[in-house]
Amino acid sequence: MNTSARPTLSHAFAEALPELVREARGADFPEPRLVVLNEPLARELGLDPEWLRTPEGAAWLTGAGGGHATAYAGHQFGQFVPVLGDGRALLLGDIGGREIQLKGSGPTPFSRPGSDGFGAIGPMLREFLVSGFMHAVGVPTTRSLAVVDTGAKVLRQQGAVPGGVLARVARSHLRVGTVQYAATHSAALVNKVVAAAGADEPGQLLEAVVDRQIELVVRWMRLGFVHGVMNTDNTALSGETIDYGPCAFTERFLAGASFSSVDTGGRYAFGNQPNVIAWNLTRLAEALLPVMEQPEAEAILATLQQRWDHYWERHFAGAEGIDEAEDITTFNREHGGGPIFIPRNRMLDAALTAAERDGDYGPYTELLAAVTDPFNPEAGPSWMAEPEGDEGPFVTYCGT
């Protein structure tokens, strides 16, 4: 790559769906500094890691070159919001068949009143690490390319903290909420979203998304993963895990395990995730009705339980005896080769606090090395593989 120039990106999303994008650019940050980089992913994309570490590269990773904010709708905690969109995100474009999007790069035309559009460094580091773990254990996920310290402060629950921008990579940022947005406008726009998602017709899209999302949530359950904010705008058509804001891991197979500060009613608790994904997929089917026959949609939805049972049997083979009292990861290691290291809640929280409050990235770097090589007993210290135990309530915050 010519290190004197920014990467050349295409803009397939904006070209296919101009009705769903608005031009935007990142804020002008005083002194952006790269703090963590996924070098293997950068090389996969044809990006030069050394260039990304330059001041120009860091500026590019905060949106200095501009991009697009995308529109979508969504059911948030069961309530439909007709216009949401990227209020703190910027789609830079696509390269190598994958899209690069920034989170926390500043306000956009879709920013909501009272939102500053920025991100705090802690949540960005959280997504970088947890998405890295999910990829390492084979769970479909958006992937994190880099986290940049913006050099500015943002105000959050804990006061003024360093600002951060996450660069993430996805096969597509189309969501159930994208189809819902299109359905409030025209059948023609729904058809354009279907085509942009790579489907020949709406029934093919619905069937593919149903299958992908059912298997995805089964895989979450095997790991004890609690997404925390399974709104329809956080359900990707690609079947990739997206938006790790208040995510956490339950150590025991407790249906009521819920950690998100914004999920006060436990709508997205661990044991509710199967029903929630079925509900979200039904909303997708409803949004596709302007361009497909209702009996076809109903026939696909009627397969939800059958598909769940199929993937449950596949991914829970050897785990039939698990009960509420047993540590999930210990059980998985003894019955089917589960990971040795996972991002356990309190150790991740301590690592993020050290980085955010004290600028000490040592604990974070150590945990990142372990969970991105999670089947290797030499990847981290032995204490990281041990259950944390019941130490009282634990709460996660979106924080972006």
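Let's start inside. The lining of the largest cavity divides into six nonpolar residues, seven polar and one charged. One caution before I go on: this is a predicted model.

So where does that cavity sit? Its lining has 14 residues. Nearest its centre lie Q213, W220, N234, T235 and I277. Two elements give two or more residues to this lining: α8, residues 202–223, and α9, residues 273–288. Of these, α8 gives the most, with three residues. The space in this largest cavity is about 60 Å³.

How many cavities of 30 Å³ or more are there? The count is two. The largest share is from β6, with four residues. By type, this second lining has five nonpolar residues, three polar and one charged.

Now the rings. A pair of aromatic rings is described by the distance of the centres and the angle of the planes. There are 13 aromatic pairs in the structure. Take W51 and W60, an edge-to-face pair. Their centres are 5.9 Å apart, with 65 degrees between the planes. Are these two buried or exposed? W51 has a relative accessible area of 2%, so W51 is buried. W60 comes in at 5%, and W60 is buried too.

W312 is partly exposed, at 29% relative accessibility. F316 is buried, at 5%.

Rings can also form a cluster here. Ring pairs link F133, W220, F225, Y244 and F249.

Next, charges over rings. Which ring has the charged end of R175 over it? That is the ring of Y72, with the charged end 4.4 Å from the ring centre. R283 lies over the face of W279, at 4.4 Å from the ring centre.

Let me finish with two single residues. Look for it in strand β11, residues 248–249. A248 has 2% relative accessibility, and because buried means under 20%, A248 counts as buried. What does A248 touch, leaving aside neighbours within four places in sequence? The contacts are G224, F225, V226, F259, N345 and T396. F225 is also in the ring cluster. N345 is 97 residues from A248 along the chain, yet their C-alpha atoms are separated by 6.1 Å.

P30 lies in the loop between β1, residues 21–24, and β2, residues 33–37. P30 is at 60% relative accessibility, so P30 counts as exposed; the cut-off is over 50%. Not counting residues up to four places away in sequence, P30 touches T150, G151 and A152. How far is P30 from A195 in space? The C-alpha to C-alpha distance is 41 Å, and the two are 165 residues apart in sequence.

Definitions and conventions. Residues numbered from 1 in each chain as written. Predicted model: local features only at pLDDT ≥ 70, side-chain atom pairs only at ≥ 80, totals over all residues. Heavy atoms only, no water. Buried < 20%, exposed > 50% of the residue type's maximum accessible area, 1.4 Å probe, protein only. Contact = heavy atoms within 4.5 Å. Phe/Tyr/Trp six-rings, centres within 6.5 Å; stacked < 30°, edge-to-face > 60°. Lys NZ or Arg CZ within 6 Å of the ring centre and 35° of its normal. 1 Å grid on protein atoms, 1.4 Å probe; cavity = no way out; pocket = protein on both sides within 12 Å on 5 of 7 lines; lining within 4 Å. Points joined across faces, edges and corners; volume = space filled by probe spheres on them. Nonpolar A, V, L, I, M, F, W, Y, C, P; charged D, E, K, R; others polar.
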